[in-house]
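Have the structure open while you read.

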Amino acid sequence: MKLKNILLTCLTLILTFLLSACSSNVSDPSLDNWSKYEEKKQITIGFDNTFVPMGFEQKDGTYAGFDIDLANAVFKEYGIEVKWQPIDWDMKETELTNGTIDLIWNGYSATDERMEKVQFTIPYMKNEQVLVSKKSSHISQTSDMAGKVLGAQTGSSGYVAFESNPEILKNFVKNHTATQYQSFNEALIDLQNDRIDGLLIDRVYANYYLTEEGILDQYSVFSVGFESEAFAVGARQADRTLVEKVNATFGQLYQEGEFQKIAEKWFGEDIATDQVKAYKNN
């Protein structure tokens, strides 16, 4: 009996230690946590690890992409290491609100709906939603999707726009709905295998994927007609200092030419928004 009590006590201590360690890594959603990030020299960024070329997992298990390089460059200025946390993209705002991640940074469009829940940095890159289809299907405008099967990523800004603006695309497609996917990779595979007729996707993802696969000439890529978007970094409403620091470093990296070097690596051109180019650190 004495041995059992000792074992139970040890187990309790171990569980207490583990819970304490886990809770110390969770940020308080109600606070401005900048001092914590500086003290721990670490910040956790949530991302979709299949979103090429913004942030994705390579075959060797390492992470790469424009957003990966840009975020690492930003926090290097403050001596803070980025912990990259793959997340279910449909749960991104919940993860942020719960404090299990500190930023959403991965081709994250700053929409009006999201602004109700999230504090955004200045936009750093323009984006638009496009429809991708095989040229052999002769789909070159949204009305050509009449009775056709559409694919979209769950929780994406494209899917939200699809639901919010039915007259543009939803009213045309089969059953007035879209087949939803957890990742664009899965959707593109289904498109290639004719399980869907068209895919609603970010232009940057579509162009990169089709080019890398060497099949861009086999597909039509055209704008759907939704309002233009811009990528920004999402933070909790209370993390005002964090947002100010990221904004300031965007401007600094652009003035130093580092932003352009990262853009050139992934896109072959300078993709910075006017806000980044004009931002001055006050």
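Let's sort out residue classes before anything else: Ala, Val, Leu, Ile, Met, Phe, Trp, Tyr, Cys and Pro count as nonpolar, Asp, Glu, Lys and Arg as charged, and the others, Gly among them, as polar. What you see is a predicted model, where local features need pLDDT of at least 70, side-chain atom pairs count only at pLDDT 80 or more, and totals for chains, interfaces and linings use all residues. Residues are numbered from 1 along each chain as its sequence is written, and side-chain values use heavy atoms, with hydrogens and water left out.

**The largest pocket**

- Helix α6 gives the largest share of the pocket lining, 4 residues. (Helices are DSSP runs of H or I with at least four residues, strands are E runs with at least two, and both are numbered from the N terminus.)

**The cavity**

- Searching the whole structure turns up 1 cavity of 30 Å³ or more; a cavity is a set of grid points where a 1.4 Å probe fits but cannot get out.
- The largest cavity holds about 90 Å³ of space.
- Among the residues lining the largest cavity are D48, W89, R114 and D202.
- The cavity lining has 3 nonpolar, 6 polar and 3 charged residues.

**Helix α3 and its partners**

- Helix α3 (residues 66-76) packs against helix α10 (residues 258-267) at about 165°, with axes 9 Å apart. Axes are lines fitted to C-alpha atoms, for helices over the stretch in contact, and angles run from 0 to 180 degrees between N-to-C directions.
- α3 and α10 are therefore roughly antiparallel (an angle over 145 degrees).
- Their contact (heavy atoms within 4.5 Å) involves F66, D69, L70 and A73 of α3, and F259, I262, A263, K265, W266 and F267 of α10.
- The axes of α3 and helix α9 (residues 240-256) come within 9 Å and cross at roughly 105°, which makes α3 roughly perpendicular to α9 (65 to 115 degrees).
- L70, A73, V74 and F75 in α3 meet L242, V246, T249, F250 and L253 in α9.

Notes
Angles under 35 degrees count as roughly parallel, over 145 as roughly antiparallel, 65 to 115 as roughly perpendicular and the rest as oblique. On a 1 Å grid over the protein atoms alone, a cavity is a set of points where a 1.4 Å probe fits but cannot get out, and a pocket is an open set with protein on both sides within 12 Å along at least five of seven lines; lining residues have an atom within 4 Å of a point. Grid points are joined across faces, edges and corners, and a volume is the space filled by probe spheres set on the points.
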